[in-house]
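Colleague: I have a model open and would like to go through some of its residues with you. Could we begin with one side chain and its surroundings?

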Amino acid sequence: MEQKIKQDEIFIGQNIRRIRKEKGMWQTEMVALMQLENVPLTREALVKIERGIQHIQASQLRAIRNILGTTYDELLK
């Protein structure tokens, strides 16, 4: 079972949303790029992650970091 990262005190979802919007990327585009990275993710799951409702898996965080061209520091601050 893959490790999940809790979003209790870390605002990962908010950071993902902010960076994604700064890059001018739509949620559907991000989901498609995730699937090309062989990381299954639905738009609904991405919405929940961005809202902090759903924990993010380590593989999802890694793929998002790559797709957004950012760092873990930027995502986890």
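Colleague: Which residues does arginine 20 touch, not counting residues up to four places away in sequence?

Modeller: This is a predicted model. In it, arginine 20 touches Met25, Trp26, Gln27, Met30, Glu50 and Leu68, with residues up to four places away in sequence not counted.

Colleague: Is arginine 20 buried or exposed?

Modeller: Arginine 20 counts as buried because its relative accessibility is 4%, and the cut-off for buried is under 20%.

Colleague: And where is arginine 20 found?

Modeller: Arginine 20 is found in helix α1, which covers residues 12–22.

Colleague: What about arginine 17: where is its place?

Modeller: Arginine 17 also has its place in helix α1. Its relative accessible area is 38%, so arginine 17 is partly exposed. Not counting residues up to four places away in sequence, arginine 17 touches Gln27 and Glu50.

Colleague: How many residues apart in sequence are arginine 17 and glutamine 27?

Modeller: They are 10 residues apart in sequence, and the C-alpha to C-alpha separation in space is 8.9 Å.

Colleague: Changing topic, which residues is glutamate 74 in contact with, leaving aside neighbours within four places in sequence?

Modeller: Glutamate 74 is in contact with Asn15, Arg18 and Ile19, once neighbours within four places are left aside. Glutamate 74 itself lies in helix α5, residues 72–76. Asparagine 15 is 59 residues from glutamate 74 in sequence, yet their C-alpha atoms are 7.4 Å apart.

Colleague: Which side chain is joined to that of glutamate 74 by a polar contact?

Modeller: The side chain of lysine 77 is, through a polar contact of 3.4 Å. Glutamate 74 is partly exposed, with a relative accessible area of 25%.

Colleague: What is the phi of asparagine 38?

Modeller: Phi of asparagine 38 is near 65 degrees, a positive value in a residue other than glycine. Asparagine 38 sits in the loop between α2 (27–36) and α3 (43–51). With a relative accessible area of 69%, asparagine 38 is exposed, since exposed means over 50%.

Colleague: To finish, how many helices and strands does the protein chain have?

Modeller: The protein chain has five helices and two strands, and from the N terminus on its elements run β-α-α-α-β-α-α. Of its 77 residues, 38% are buried.

Colleague: What share of the contacts with a separation of 6 or more comes from residues 24 or more positions apart?

Modeller: Such residues account for 61% of those contacts in the protein chain. The chain exposes about 5,000 Å², of which carbon and sulfur atoms supply 49%.

Key: Residues numbered from 1 in each chain as written. Predicted model: local features only at pLDDT ≥ 70, side-chain atom pairs only at ≥ 80, totals over all residues. Heavy atoms only, no water. Helix = DSSP H or I, 4+ residues; strand = E, 2+ residues; numbered from the N terminus. Buried < 20%, exposed > 50% of the residue type's maximum accessible area, 1.4 Å probe, protein only. Contact = heavy atoms within 4.5 Å. Polar contact = N/O pair within 3.5 Å; in protein donor to acceptor, adjacent residues only side chain to side chain. Areas by Shrake-Rupley, 256 points an atom, 1.4 Å probe, with all protein chains shown as cover.
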